[in-house]
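Have a go at each task before you read its solution.

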Amino acid sequence: MIPQRLSWRIGLPFGLFVLAGSVALMLWMSWRSVLVERERLAALVTSNAGFLRQSNLPPSERMARQLAEVLDARVVFVRGEQFVPPFELSSFPKTALDIQLMPADGNVRTGLGFQHEAVKAALEEKWNLVLWWPRMWPWSRMFARESLPVLGAFWILAFGFGWFVSRGLVRPLQHLAAKLPDIEKPGSLELPEVKRQDEIGDVARAFMRTREALQGEREQRASVEKLAVLGRMTAALAHEIQNPVSAIKLHAQLLPAENEAAEVIAGEAQRIEGLVNQWMFLSRPEPPAMSPVALGRALAASLSAHRLQLEHSQVQPDIRIDDDLLIRGDQRRLAQVFSNLIMNALQAMPRGGVLKIEAGRDGNAMVKLSFSDVGPGFSDAALKRFAEFFFSEKEGGMGIGLSVASEIVKAHGGELRSANRAEGGACVTLLLPLEHGPSVRETTPVAD
């Protein structure tokens with residue numbers, strides 16, 4: 001059974017084509033050689049007949065034998081039924097009759113007894129010179145010396161074309177087939193065929209798109225599995241943590257107000273409660289309870305909750321927000337976002353610095369709020385994988401805070417962006433929906 005591989009599917013028909021072409025070319029060259037030989041013999045007969053006429057040499061058996069040796073063919077002189085040398089009519093009746101009836105015009109006649117050819121030229125006194133030889137078939141000269149150079153040139157062209165087809169079609173497809181098992185393997189993959197602007201290039205690009213889609217699906221499935229595990233852990237831990245945290249906050253509030261340790265305890269308990277809320281959001285995300293929020297007051301409340309950390313890190317907040325700037329959102333969820341961004345800025349500036357927070361309108365429907373620090377900024381990997389679940393370059397980081405913040409902002413119909421500042425440091429920008437209504441001075445104050 002013939003292997004059903006591309007090299008065989010293309011190579012076998014191509015080989016048969018070369019073989020058939022070689023045979024056809026050799027037959028054509030042989031036929032051309034036969035025609036040339038016939039023309040040569042006809043010219044010889046005509047020239048010898050002219051010579052005999054001019055020389056007035058009588059037709060004789062000796063002359064016939066001499067011409068036969070020179071021309072390498074049978075030579076006879078014919079006049080009516082008289083043949084010189086004698087021609088046995090009883091032995092070759094059909095051939096002799098054909099020669100007698102043949103016109104003396106110097107043209108080659110075939111079919112003499114089916115196996116012979118002859119040419120006849122007129123002499124004087126009704127004598128005719130006849131050159132007679134075995135019939136020349138095209139395949140009898142297939143391997144003539146003059147056919148070999150043409151055949152060699154054809155083979156060179158054929159194999160050159162075959163190499164071109166193999167290099168441009170078969171090898172790229174074989175390379176693609178060899179790379180098929182790598183479609184599910186992680187890591188980079190180089191396919192030179194992607195640069196081609198033909199059907200093979202289309203196949204290679206489709207292969208790479210499919211591979212990227214499979215890897216993306218695998219990563220997404222792994223992320224979903226992690227979230228599922230985290231959700232089960234959150235459901236179990238939230239209940240166990242919430243009650244002790246509430247008790248800690250309660251006892252901290254019972255201590256004297258001037259007790260700094262009580263304030264630290266209450267702040268850390270609130271931080272633990274914020275972490276629990278983040279985990280709860282991952283396990284059971286809820287749509288935000290939208291209401292008008294005074295952005296300046298909400299940020300002031302978040303900064304107040306982190307006052308001790310800001311003082312300890314020697315980070316000075318620089319807030320530039322209009323007092324009457326209103327956004328529409330869930331204050332509790334937005335406080336969670338602000339807290340995450342403030343903590344990230346503090347961790348980026350362990351030796352102190354300035355945390356610049358500014359906001360302003362971005363068109364008629366959105367508010368642009370940015371948090372800028374003077375730390376080392378984001379790495380290229382962090383910018384590329386910003387807000388990706390479980391990605392963190394911080395030691396001990398879980399990669400949850402920014403992911404939760406991004407999901408909360410998206411739930412508000414906004415967007416969370418990251419960039420590095422030209423003068424150094426990182427900048428995280430939030431786009432939040434603007435509240436279209438009365439100013440903050442005309443609304444009921446939102447509790448901190």
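**Exercise 1.** Which residues line the second largest pocket?

*Solution.* A word on the source first: this is a predicted model, in which local features need pLDDT of at least 70 and side-chain atom pairs count only at pLDDT 80 or more, while totals for chains, interfaces and linings use all residues. Residues are numbered from 1 along each chain as its sequence is written, and side-chain values use heavy atoms, with hydrogens and water left out.

Step 1: A pocket is an open set of points on a 1 Å grid over the protein atoms alone, where a 1.4 Å probe fits, with protein on both sides within 12 Å along at least five of seven lines; lining residues have an atom within 4 Å of a point.

Step 2: list the lining. Glu219, Gln220, Ala222, Ser223, Lys226, Lys384, Arg385, Glu388, Phe389 and Phe390 line the second largest pocket.

Step 3: find the main contributor. Helix H5 (residues 199-254) gives the most, with 5 residues; helices (H or I, at least four residues) and strands (E, at least two) are DSSP runs numbered from the N terminus.

Step 4: sort by class. The lining has 3 nonpolar, 2 polar and 5 charged residues. Here Ala, Val, Leu, Ile, Met, Phe, Trp, Tyr, Cys and Pro count as nonpolar, Asp, Glu, Lys and Arg as charged, and the others, Gly among them, as polar.

**Exercise 2.** At what angle do the axes of H7 and H9 cross, and how close do they come?

*Solution.* Step 1: take the axes, which are lines fitted to C-alpha atoms over the stretch in contact, with angles from 0 to 180 degrees between N-to-C directions. Those of H7 (residues 295-305) and H9 (residues 331-348) come within 9 Å and cross at roughly 55 degrees.

Step 1: look at the contact (heavy atoms within 4.5 Å). Leu295, Ala298, Leu299, Ser302 and Leu303 of H7 meet Ala335, Phe338 and Ile342 of H9.

Step 2: classify it. This contact has 7 nonpolar, 1 polar and no charged residues.

**Exercise 3.** Where do Pro85 and Gln314 lie?

*Solution.* Step 1: Pro85 is in the loop between strand S2 (82-84) and helix H3 (93-101), and a cis peptide bond with omega of about -5 degrees joins Val84 to Pro85.

Step 1: Gln314 is in the loop between helix H8 (307-313) and strand S7 (315-320). Its phi is near 55 degrees, a positive value in a residue other than glycine.
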